[in-house]
Structure formats: C-alpha cells, structure tokens
Amino acid sequence: MKVIIIGAGEVGYHIADSLSREGIDTVVIDRDEERLHEISEILDVQTILGSGSSPEVLKRAGMAKAEMVIAVTDSDETNMIACLLASTQCRIPIRIARIRNVELNGDCSLFGTDRLNIDLCINPEQEAVSNVMNLLEFPGAAEVFSFADGRIRLLGFQIDPGAAVIGKKLTALRAMEPGFKVLITAIVRGEKLIVPSGGSVIENGDYLFAVTDATHVRELLRFFGKNTEPPRRIIIIGGGNTGMMLALAIEKRNISVKLIEKKHGRCELLASRLEKTVVLHGDGTSQELLREENIEETDFFIAVTNDEEANILGALLAKQLGARKVISLINRIDYIPLVSRVGIDGVINPRHAAISRILHYIRKGKVISATPLRDEKAEVFEFIALETSEITNRPFKDIHFPSGTIVGAICRGEEIIIPDGGSVIQPGDHVVIFTPRSAIGELEKLLTVKLEYFG
Amino acid sequence: MKARPVLYTLGAFLFILGLTMLVPLACSLYYGETDVWSFVLSIGITSGTGGVLSFGCKPGEKKIVLSHREGFLIVSAGWILAAFFGGLPYMIHGALPALTDAYFETMSGFTTTGATVINKIEALPHGILLWRSMTQWLGGMGIIILSIAILPFLGVGGRQLFKAEVPGPVKEKLVPRMAETARSLWIVYVIITIAGFILLLFGGMSAFDAINHIFCAMATGGFSTKDSSVAWFNSAYIDGVLVAFMIIAGMNFTLHYKLLMGDFRTFYKDSEARFFLGTILVATLLITLDLRLNVLADIGKAFRYAVFQVSSIITTTGFVTDNFSKWPAFSQIILLLLMFIGGSAGSTGGAIKCVRILLVLKQGYRELYRLVHPHAVTQVKLGHETVPQDVMKSVLGFFVLYLCIAILATIAMSALGLDMITSFAAVATTLGNVGPGLGLYHPATTFSEAPTIGKWILSFCMLVGRLEIYTVLVLLIPEFWKK
C-alpha cells in the first residue's frame with residue numbers, strides 16, 4: 001500500500017503522520033526543501049522535491065505503484081492537475097484533492113469520472129465551518145459528531161463546576177433518569193482517557209463523550225447542566241475564508257452576526273459578499289471595539305484569524321469581557337489540551353476536520369465513518385454489522401471487547417438503540433463504536449471488518 | 001478633438017433624420033392634405049445639409065474612432081440640431097411659424113417631454129400630427145442609438161455615443177457588439193410598440209390615433225392627437241392598455257430584452273423594477289384614497305384616474321385623463337414628487353430615475369448605520385451586487401446637479417414674472433421630460449403663453465434632462481475644450 005501526498009502544509013503533514021503511523025508507505029511531495037527536510041526528520045516518510053503538477057516529479061514519486069494520491073497544496077489548480085495526471089497517466093485508484101474555492105466545490109460535475117476524475121474534494125475550512133454550525137445548534141457541547149445520517153450524535157462536553165451530576169456514579173445517573181437513551185463512552189480527566197464503568201464517578205472539570213440519538217441531544221446537555229439556548233448574537237474575528245464562510249452560514253440562520261477584520265480592503269470584499277452580517281474594521285482584540293459592539297451581550301465569540309495565539313488570547317479577552325461562549329481556531333495540536341483548561345469553550349481545527357474527512361473516506365470495508373477524537377487518541381467508527389462477525393447475534397455481556405472499546409449506539413431501520421449488557425447486534429445494523437487508538441487492532445479481529453486503510 | 005469625424009457623424013445622423021420624415025410624408029400623401037410640401041422641403045433641407053456635411057468631411061479611415069469627448073459633443077450637438085431640423089415642418093407648414101415655438105415643440109418631442117405650445121391640436125393635418133408623435137418615438141429609444149444601429153462605420157466609436165445617450169448610471173451592453181446592442185434594443189422597442197398598437201385597435205381607436213398614442217406611450221412622451229389628451233376617448237380599456245404600456249416603457253429595456261430571451265429570473269429579482277412598481281402602487285393607493293375622500297364618490301373611478309395619472313407622471317409620459325391641477329393639494333404634491341423620481345434606468349422615461357433615488361436612499365441609510373457602528377465597513381448593494389464607489393459618487397453628483405438645475409431654472413422662470421407654483425412645476429415637468437405642469441400651465445392649457453425666454457429655458461431643461469445632465473453640462477466647462 002502506497003500513498004502519495006502532494007503538499008506538505010499543515011494538512012499534508014498530519015495526514016502523512018496518521019498514515020505512516022498505520023504502516024502505510026507514504027511519499028510527500030512539496031516545493032519547499034526546508035519543509036521537506038523538517039518532515040523527513042520527524043516522520044517516517046519519503047520526501048520528494050518538486051511540483052505536484054509535474055508528471056516527471058510524480059513519476060519519480062513512484063506513481064505507477066501508488067494506490068492513492070492526496071493533493072493538498074494551497075493551490076486548487078495544482079491539486080486538480082495532480083489528480084488529473086494521477087488518473088490519466090497511471091490510473092491511481094483513489095484521488096483526493098483539497099479544493100478551497102467554494103464555487104468549485106458546489107460543481108460536482110466538474111469532478112466526475114469523465115472529467116477531472118476526483119473521488120473526494122475536501123475543503124478544510126468548510127469542514128470546520130460545518131463543525132462550528134453543529135456547535136451553534138447545541139451550544140452546551142464542545143464537540144458534536146453525527147452518525148447514521150445525523151440520527152446518532154456523539155457529543156463532547158465539559159462538566160462545569162456546580163453541576164448536579166458531580167460526585168455521582170454513572171449507575172446513579174441512570175437511576176435518576178431511566179429510559180434515557182444515552183451512553184457515556186469515555187471520560188477525559190486531565191490528559192487521561194478513562195474508560196467508564198458503572199462505578200465511575202463524575203468529577204468537576206471532567207470532559208465527557210456521550211452517544212445519544214439526535215432527538216435527545218438537548219435533554220442530555222440539560223441533564224449535565226449545560227446551556228441549550230440557541231445563540232442569538234455572535235461576534236467573529238478574522239475575515240479570512242473560514243470567517244467569511246462562517247458568517248455566511250450563520251446569517252442564513254437569521255442569527256445576528258458581527259465580523260471583525262483588520263484589513264480594510266478585505267472588509268470591503270466581505271461587506272459586498274455578506275448580506276446581513278455587520279462587517280467591522282478594526283482589531284478583534286481591542287477592548288474598546290469589543291465593548292462598543294456589545295461583547296457582554298454576545299452568546300458566541302468565535303476567533304478565526306490566521307494567528308492562533310491571537311485567537312486564544314482574543315477568546316480569553318472576550319470571555320473576560322462577558323461573552324458567554326468562546327471558540328478559537330487552533331491548528332496546533334499542542335495547544336489543544338490547554339484550551340479547555342484556560343476557559344475556551346470550543347476549538348475549531350480545520351486540519352483535524354479535514355483529516356477526519358479523509359480517514360472517513362479511505363477506511364475500507366463496511367466502515368462507513370471514522371472520526372478521530374481528542375488529539376487523535378480515540379476514534380469513533382460507524383460500520384455495518386456482518387453475519388460472520390463475532391459480535392453479531394450474541395449478547396454484549398458474552399463478548400470480550402478490547403479494553404476501552406464501547407458500542408455507543410445501534411441503528412436498526414428506524415430504531416435507535418443505546419445498548420446495555422443484554423443488547424444483541426443483528427446483521428445489517430449500523431453500529432457506532434468508540435475505541436481508543438491502541439485497541440484498533442484487536443477490534444478489527446472482533447469485527448472481521450478490516451479497519452485498515454484501502455488496500 | 002477632431003472636427004472631421006464629429007461633423008461627418010453629425011452629417012450622417014442628419015441625413016437619417018431627414019429620411020425618417022418620409023413616413024409623415026407618406027401619411028400626408030395618403031390623406032392628400034396641405035402639409036405635403038412642408039415635408040418635401042424639410043426632407044430636402046435636412047438630408048441635404050446632412051449629405052453635404054458628411055460628404056465634405058469624409059475622414060480618411062474606414063472605421064471612425066471617437067474619444068469620449070467627441071462622443072459627448074456629437075450627442076449634445078446632435079440633439080440640438082435635431083430639434084431645429086425636426087421643427088422645420090411646423091414652421092414651413094405654418095402650424096408654428098415662430099422658431100421659438102417650433103423648437104420648443106420639437107425638443108419636447110425628441111426628449112419625450114410632451115409639453116406642447118399648440119392650442120388647437122385637432123385642427124392640424126395628419127402628417128404633422130404623425131411627425132409630432134414620431135419625434136417622441138424616435139427620441140424615446142434615442143435618435144443616436146438608432147444611428148448606431150444603422151451606421152456601419154461607427155465601430156468602437158458607437159460605445160462613446162451609447163454611453164452619452166442611454167439613461168442610467170450603469171450602461172451595459174446586451175451583446176458583445178455595440179451596433180448589435182443598439183439593434184437589439186430597437187427591435188425590442190418595435191416589438192412592444194406593435195403589440196400595443198394592436199391592443200389599442202381592439203379598444204376602438206382609429207388606426208391613426210392608435211399609432212400616435214402607442215408611439216407616445218412607448219416613448220413615455222405624452223403627445224396626443226386630441227386637445228384633451230387621452231381623456232377624449234373616455235374608455236377604461238384604453239386607459240388600462242396605456243397604463244400597461246407606459247409602465248413597460250418606464251422599465252429597463254435590458255430587462256425586457258432578457259424577458260424576451262426567456263430570462264424571467266432577472267426580471268423578477270431586479271430591485272429597481274421592484275422599487276419602481278412599489279412606488280406606483282403606493283402613490284396610486286394614496287391618490288385613490290385622497291380622490292375618494294375629497295372629490296369623487298365612485299372609488300372605481302378614483303382608482304382609474306389615480307393609476308393612470310400616477311403611471312403617466314412617474315414614467316414621465318404626461319398623458320392626462322383628468323385635470324389634476326383641480327385635485328387636492330395632497331395628490332398634486334405626490335404627482336410633483338413623482339416628476340422627480342421618474343422611470344427606471346435604461347427605459348424611455350426621464351427624470352432622476354428610480355435606481356438613483358434608490359441608491360441615494362441606501363447611501364443615506366448607510367450613513368445612519370455608520371453612526372451606530374462607527375467601525376463598520378458597508379457597501380451599497382443593489383440586489384446582491386455591490387455598487388462601485390465611483391458609480392455611487394456619480395449618482396450623488398447627478399442628484400445634486402439635478403436639484404441645482406431645477407432650483408436655478410425655477411429662479412430664472414420666476415424672474416420672468418411667473419408665480420412660484422407655475423415656475424417650479426414647469427421646470428420639474430420639463431427637466432423630468434414629463435409634460436403637463438401645474439399653476440398656469442396645467443394639463444388643460446398649453447405652454448403657448450409662456451414668455452419667449454421662458455420657452456428657451458424650458459427647452460434647455462428638456463435637453464439637459466433627457467441627456468442626463470452630464471452629457472450637456474460637460475460641454476460648458478472650459479476643461480472640455482482644452483487640447
């Protein structure tokens with residue numbers, strides 16, 4: 001199995017990281033020599049200097065033997081050409097391109113088999129935006145993921161001080177609210193991922209992952225003492241692509257949104273593209289400007305500038321000034337454990353979103369969806385249960401699951417089942433399963449579904 | 001500035017103008033009336049002058065390249081000359097022997113104003129009447145645009161002329177080629193005119209009356225073949241048809257073109273068209289109520305008069321079905337205001353134009369908005385499109401100049417001894433190319449009693465209004481004439 005990645009930017013780097021760690025031969029092509037040098041120091045990948053749209057370079061990268069090409073340079077055009085070359089010259093079976101231009105993204109016919117022949121177009125910014133929109137729908141949650149066509153949701157949220165559930169065992173919680181379709185799949189305490197059992201106790205500051213069916217999300221959040229009021233006023237700082245797409249999506253929902261951008265020329269462009277958004281020219285970290293625009297009445301403050309340190313500090317400042325929830329865009333994984341501790345309520349990570357989308361796409365077999373969680377320590381899969389699988393047709397209590405692996409939900413036709421020890425998986429069920437990364441290998445055997453990548 | 005191409009183009013243009021008089025000539029031959037010779041002579045003089053001029057100044061190159069300065073000069077001079085030569089039939093026939101009157105009448109025709117100095121219209125021969133309506137119909141879509149459509153040598157140069165003559169802040173080509181654009185506009189114009197002509201025939205109008213009235217309705221001109229204008233027919237059907245066609249003529253012909261090409265979306269989404277129709281609706285409702293409460297017992301009749309007069313004034317046509325100077329002051333004020341609003345950009349209507357009013361209002365709102373959000377960056381938008389800053393500035397400049405000219409001309413008219421209402425309404429109605437005024441020159445009278453100087457001032461107002469101020473005023477600044 002061999003994968004060629006074109007573009008060694010943030011997305012390219014982290015995809016290379018994920019793939020190489022799973023034992024896949026990875027070749028990274030980029031035009032920046034220094035960057036390649038850096039990568040080859042850290043990752044176990046081959047690096048090739050050159051342009052991804054050059055047939056010669058692709059040939060040197062061993063395109064003839066490759067099974068997948070992932071083009072994630074900054075230029076949409078280069079990415080498209082690279083994929084076109086891959087399909088016309090070497091018939092590489094899978095071609096994935098990052099296409100940032102939203103106008104192109106909408107036009108699927110351009111990427112069809114008889115045209116550019118691109119299997120998957122990803123737009124990290126757009127992925128990030130749709131994540132934020134999920135968060136806005138459920139303001140209490142810090143992460144929201146959808147499975148089974150959105151009928152099953154996985155939520156990540158922090159337990160606030162003073163919540164009624166603190167100090168209670170999970171069994172006690174179940175007794176408080178019987179018939180509640182929810183399952184706690186993991187507790188993150190500090191840096192540690194704890195696999196919950198009935199006797200686990202919820203502590204102040206815990207970060208919980210819970211699976212529920214889509215109709216119960218609000219109740220679930222309310223139960224854990226989270227706010228579920230939909231937001232009415234939002235301030236965004238940073239009018240880059242992410243900021244603009246975000247503002248567009250928010251204004252469509254009739255939520256009042258203000259967008260602060262530093263560059264005046266960019267402001268003018270934003271003002272002409274956006275309909276209802278109030279476009280403000282100024283520094284998003286200026287107290288005076290934030291006060292002038294009623295920061296204390298703001299439900300969500302979203303910092304999506306190019307400068308992630310500024311995003312973190314801006315979000316903290318906004319929180320200080322009275323914004324109810326603050327979200328920052330952070331690309332560096334290193335910062336992520338930090339943010340919830342300092343009081344930032346949510347993180348947008350376009351790179352993470354893009355990787356998740358790619359993993360989702362390239363996981364083989366009956367796996368429909370795969371989502372890396374929490375610094376990629378854990379993953380959630382959605383797969384279709386097979387007749388031959390060991391976990392099918394047996395009650396859960398008789399199955400020996402790898403440590404930490406939890407079946408979060410079963411979707412059988414119209415019905416959503418949140419399983420307990422007596423539940424049985426039937427063939428054809430959609431199963432959402434939560435697993436720490438370390439247990440993936442064991443889980444594979446159990447499911448008789450290969451969780452490996454295409455190949 | 002090169003004199004030869006300018007004179008050559010003007011000559012060609014006069015030649016065509018002379019040829020258009022063949023139509024009324026044919027008409028007077030058909031009716032066998034006394035005005036045959038006046039047309040023969042006029043054609044001789046006009047086309048003769050044009051022929052000599054263009055033959056004498058034939059430039060060397062095949063295609064004429066015009067700078068925008070020459071464009072302004074040709075269009076302004078073309079219109080001034082057209083009003084003179086177009087008035088020849090009136091003078092030779094004796095309907096209007098004085099140059100001032102003939103010039104006023106023709107300028108009123110070409111600029112689609114519809115203000116008249118003829119007291120006994122019905123006494124005139126058919127040929128003269130048809131020529132009178134034809135000046136409006138030709139002027140409506142633009143006599144220069146007609147030339148662009150016909151004259152092959154105006155390749156790129158046509159663009160400059162087009163810009164100078166077509167009303168509205170932004171001029172777009174419909175199709176890549178200038179001459180083709182001009183031709184498309186004229187074809188749309190002719191098609192709608194024919195449709196209206198047929199509909200008027202159904203209303204029981206004679207073919208002669210129908211063609212005259214549809215000419216004047218499509219041009220938003222307002223000349224009638226009857227002394228009492230459209231009121232003479234006293235038919236709700238005819239009123240209805242004319243209202244429909246005045247409104248069509250008052251909308252952007254680009255939209256009509258796209259509609260005929262099957263593009264309904266643009267039509268439906270156009271914010272100027274919405275504003276235009278909305279204004280008509282609101283004004284009609286207000287006047288209907290006012291008339292019902294204060295003048296007429298019959299609400300149906302009140303509505304019929306209101307909708308006709310509102311459409312007639314806002315599209316700057318100037319047909320009348322009732323003497324609105326007898327209406328309550330509230331209705332009169334609304335009509336006076338409509339004289340300033342006018343039709344849509346790219347229509348045959350005059351005055352400031354809906355799109356400019358809309359943009360000025362939006363700009364005003366934007367200033368208020370900026371007081372609330374001092375750091376906000378906002379763009380004035382029309383539909384979903386941002387209006388560029390320089391267009392915005394030119395619109396604001398236009399607005400200010402328009403009002404300045406209205407005020408200065410009003411002062412000049414009152415200096416001639418006219419009362420305030422008369423002066424102001426006369427200026428508003430001519431500058432906006434509407435037609436009937438208030439005060440002394442109300443719809444039931446004519447401008448024939450106006451002082452001679454007043455007639456020249458009003459003629460100038462009509463020209464300035466039709467060519468949208470800039471084209472004419474630019475000739476008055478010294479900078480224009482510097483090498």
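## Antiparallel sheet of chain A

In strand 11 of chain A, A:Thr212 is the bridge partner of A:Val182. Strand 9 (residues 182–189) and strand 11 (residues 207–213) of chain A run antiparallel and are joined by six bridges. The model is a predicted one, in which local features need pLDDT of at least 70 and side-chain atom pairs count only at pLDDT 80 or more, while totals for chains, interfaces and linings use all residues. Residues are numbered from 1 along each chain as its sequence is written, and chains are lettered from A and ligands numbered from 1 in the order in which they are written. Helices (H or I, at least four residues) and strands (E, at least two) are DSSP runs numbered from the N terminus.

In chain A, five strands form an open sheet in the order 7-8-11-9-10, with antiparallel pairing; two strands pair if DSSP finds at least two bridges between them. Strand 7 (143–147) and strand 10 (192–194) of chain A are the edge strands, each pairing on one side only. On average, neighbouring strands of this sheet are turned by 20° against each other, direction ignored.

Helix 7 (residues 126–141) of chain B has 16 residues, which should span 22 Å at 1.5 Å a residue; its end C-alpha atoms are 23 Å apart, in agreement. The expected span is 1.5 Å times one less than the number of residues. Helix 7 of chain B is largely enclosed by the rest of the structure, because 15 of its 16 residues are buried (20 or more other C-beta atoms within 10 Å of the residue's own, C-beta atoms being placed from the backbone). B:Gly142 follows this helix with a positive phi, near 110°.

Helix 10 (residues 178–202) of chain B has 25 residues and reaches 37 Å from its first C-alpha to its last, close to the expected 36 Å. Its buried residues include B:Met178, B:Leu185, B:Tyr189, B:Phe197 and B:Leu200. Just after helix 10, B:Gly204 takes a positive phi of about 90°.

## Packing of helices 16 and 17 of chain B

The axes of helix 16 (residues 299–314) and helix 17 (residues 329–341) of chain B come within 8 Å and cross at roughly 35°. Axes are lines fitted to C-alpha atoms, for helices over the stretch in contact, and angles run from 0 to 180 degrees between N-to-C directions. Helix 16 of chain B contributes B:Gln309, B:Val310, B:Ile313 and B:Ile314 to the contact, and helix 17 of chain B contributes B:Leu335, B:Leu338, B:Met339 and B:Ile341; residues are in contact if their C-beta atoms, placed from the backbone, lie within 7 Å.

Technical notes. Buried ≥ 20, exposed ≤ 12 C-beta atoms within 10 Å, placed from the backbone. Contact = placed C-beta atoms within 7 Å.
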